[in-house]
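Q: I'm new to this one. Can you walk me through it?

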Amino acid sequence: MTDRQILTADADWWRQAAVYQIYPRSFADASGDGLGDLRGIADRVDYLRELGIDAVWLSPFYPSALADGGYDVDDYRDVDPRLGTLEDFDAMLAALHEAGIRVIVDIVPNHTSDRHRWFREALASPKGSKERGRYVFRDGRGEKGEEPPSDWISYFGGPAWEPVGDGQWYLHLFAKEQPDLNWDEPEVNEEFLTTLRFWSDRGVDGFRVDVAQLLLKDIPEDPQQIMSKAEADAIDRTTGEHPFEERPGVHEIYATWREVFDSYDPPRTAVAEAWVSSPEQRARFARQDSLGQSFNFDLLEADFDAEQFRSIIEKNLAISEASGSSTTWVLSNHDVVRHATRYGLDPVAGTGRKGGAQWLLEGGAADAVRADAGLRRARAASMLLMALPGCTYMYQGEELGLHEVGDLDPDSRQDPTFLRNPGVDVGRDGCRVPIPWSRGGASLGFGETDAAPHLPQPEWFASSSVEAEDCDPASTLSLYRRALELRRILQADEELEWLETGAEGVLAFRRPSGWVSVTNFGAEPAPLPEAISESGAELLLSSGPETGEQTPAEVPGEVPGETTLWLRG
Ligand code: GLC
């Protein structure tokens, strides 16, 4: 047993962890029904161990009708029978822990699903009842309440209110199958504290908190007094006066969660998914008396551009230091176009994200993507991220260099952002296509049987399968494995010293262990900064195709275009 197979009680394990996001329904299907499951994850523990990650974050695996890919939860303390049982969860957790991998689960507190026991009780109970009081029910406008209480639009498009047939409407900031909870009702928090204890008692190490900034609502009972969408949009969210965005009281809720986290040894951790309006607002979620860490999506929204990267890195390191937290670096997750594809598309209006979304809308044809350039940049950016102080998050499949599947047939799409907005939004299914494990077979090794995977895999997935990349020293999988192994050896204090590069488009920094990372964002080779070339440093790894080099090689005089080099000196 090596050191890393023993999970210590280190309370700070999360500060610089490499966390791998698993979208369970698309990871591995042991039951052979076309849907990934918990046994599938347990069966792949060796793969995860070999990859060299510190933790996995599991997107929701709870019972759900999948109106929003599992973010519509029927029961927070159970496993979707299609994905397994609580016993399967325990077995998977034990296997991951045995491999030295911690487990973070997703908590979705803003809304339940419409099949949750509470919501069914609310529908069966009259206006003004305690059961309706757990959600945000309001009378409609008009004589018989036939008009919605306000003109608000849900984040997934379409109205944010749904009528229930008796003049009342309920609020759903996402799909109509996701009714918003009323967090002014103490019973709601009690229920979530019970859920946090339930999973903590089973041994989970941390929580990812879905849309953590929403929860609290300030919505008058009288619909005539509810502000319009235009009025709400005009409010500066940092004032805390928006009817549902960034209300400061959420931190009082999270302080009670913190007490639960801290009652365990080591304390359970949490990371907020909070799309907020300012770095200061983000820092509040990361305070040690709140959730402790908050996702920083700035690089995910940036172009592959040295200047943008540098200012984002500087800003986020400063913010996290001020909040006593560490930052989280992310380039891809289950909500956005994969970064290998974003970087292979022309940015629109300055952000790669919008470029990807636009391409999806236009049909997402693979030949419109400069696939090689996209992947080359993605590998360079991922290596840069892994060298930074703080946590690095990666999304299943990025270690294979997977591209987005942009041209899924509309009939196979499942995402409510597509179903609620035909012709406007194509949705997020293209990054959720099941992982290719082998070169051939009905589902490229995703499933144990011939069952069709729940989203169809394109033919080109075969050459990016684990089997195809496993023994290829130039593959993205080999690059991630080697990079994560080196990161583990070289990781030290959370400090970073920028090195003068003298070249526009080249970023270089040194970590306290002598670990140097240099990224050339330009297409042409650039000279290696003098401070490095003259220091007798040794080359450890390159994001370029020559990745296979496992032994220190001679330091080159220049950095190839769109490449990251790691050196020690
Ligand atoms: C978060 C999730 C996303 C989900 C939404 C509503 O943003 O990441 O997938 O659709 O919350 O729960």
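Predicted model: local features only at pLDDT ≥ 70, side-chain atom pairs only at ≥ 80, totals over all residues.

Q: How many residues surround the ligand, and which are the closest?
A: The ligand is surrounded by 14 residues. Closest are Asp68, Asp210, Glu273, His334 and Asp335.

Q: How far from an oxygen atom of the ligand does a polar side-chain atom of Asp335 lie?
A: The distance is 2.5 Å for Asp335. For Asp210, a polar side-chain atom is 2.8 Å from an oxygen atom of the ligand. Arg428 also places a polar side-chain atom 3.1 Å from a ligand oxygen.

Q: And how much of the ligand does the protein bury?
A: The protein buries 96% of the 310 Å² that the ligand exposes when taken alone.

Q: New topic. How many disulfides are in the whole structure?
A: The search finds zero disulfides.

Q: Is Cys431 buried or exposed?
A: Cys431 counts as buried because its relative accessible area is 1%, under the 20% cut-off.

Q: And Cys471, buried or exposed?
A: Cys471 is exposed, because its relative accessible area of 69% is over 50%.

Q: Now Ser290. Where does it lie?
A: Ser290 is in the loop between helix H8 (279–286) and helix H9 (298–301).

Q: Is Ser290 buried or exposed?
A: Ser290 is buried, with a relative accessible area of 1%.

Q: Which residues is Ser290 in contact with, leaving aside neighbours within four places in sequence?
A: Ser290 contacts His251, Tyr254, Arg258, Arg284 and Phe285.

Methods
Residues numbered from 1 in each chain as written. Heavy atoms only, no water. Near = heavy atom within 4 Å. Polar contact = N/O pair within 3.5 Å; in protein donor to acceptor, adjacent residues only side chain to side chain. Areas by Shrake-Rupley, 256 points an atom, 1.4 Å probe, with all protein chains shown as cover. Disulfide = S-S within 2.5 Å. Buried < 20%, exposed > 50% of the residue type's maximum accessible area, 1.4 Å probe, protein only. Helix = DSSP H or I, 4+ residues; strand = E, 2+ residues; numbered from the N terminus. Contact = heavy atoms within 4.5 Å.
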